[in-house]
Amino acid sequence: MSAQLQNKPQAGEVAPVMLVLPYPISANRYWATRVIPAKGARKAMAVTYVTSEAEAFKQQVRLLALQAGVRRPIDGRVRLTLELYPHRPLDWAKRARKDPDNWADTVQCIDLGNCEKILSDALNGIAWKDDKRHHEIHKYRRDPDEHGARVVATFEPIVRVPMAPELFA
């Protein structure tokens with residue numbers, strides 16, 4: 001996995017950051033729920049928590065972000081692009097011969113919504129202050145390739161052009 005700044009920014013600009021990250025774990029393995037049984041007058045309650053596997057994934061993602069030069073989270077609106085590459089199965093060539101245009105659709109892959117949630121949580125406080133500030137999100141499922149299962153996350157602040165006060169006079 002690697003990380004890099006995509007291109008050199010001009011004065012006053014912030015360059016997009018592109019992180020090549022490990023394939024995300026499923027939401028079912030990221031969060032777990034346990035039920036605390038009722039005791040006395042207290043009712044039973046369910047508690048959802050981040051698993052140890054998820055903590056290891058988050059740590060790996062944080063390290064890659066630091067290696068990319070991410071030092072402070074974006075404090076403001078964020079543009080996020082995710083490109084998800086599933087694992088290429090051993091029989092991919094056979095599948096491709098059988099159905100050249102659609103073989104990749106038969107490959108097991110986490111859904112894009114879960115991918116976004118897992119990465120948003122893992123990069124919260126590292127790449128951006130809070131994922132509620134994601135104002136533009138693009139998600140793509142790519143065909144498996146020889147580079148292995150991974151997700152490429154590119155993010156940057158959305159720079160707003162100030163409105164002219166004379167428009168509201």
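A residue is called buried when its relative accessible area is under 20%, exposed when over 50%, and partly exposed in between (1.4 Å probe, protein chains only). By this rule Phe168 is exposed, at 58%. The model is predicted: local features need pLDDT of at least 70 and side-chain atom pairs pLDDT 80 or more, while totals for chains, interfaces and linings use all residues. Residues are numbered from 1 along each chain as its sequence is written, and side-chain values use heavy atoms, with hydrogens and water left out.

Salt bridges were assigned where a side-chain nitrogen of Lys or Arg lies within 4 Å of a carboxyl oxygen of Asp or Glu. The count comes to nine. One of them joins Asp121 to Lys58, with an N to O distance of 3.6 Å. Asp121 belongs to helix H4 (residues 112-123) and Lys58 to helix H2 (residues 52-67), so the pair links parts 63 residues apart in sequence; helices (H or I, at least four residues) and strands (E, at least two) are DSSP runs, numbered from the N terminus. Lys58 is buried, with a relative accessible area of 10%.

A salt bridge also forms between Asp75 and Lys129 (3.8 Å, N to O). Asp75 is in the loop between H2 and strand E5 (78-85) and Lys129 in the loop between H4 and strand E6 (134-141), so this pair ties together parts 54 residues apart in sequence. Asp75 is exposed, at 58% relative accessible area.

In the salt bridge of Arg95 with Asp91, the closest N and O atoms are 2.9 Å apart. Both residues are partly exposed, Arg95 at 24% and Asp91 at 34%.
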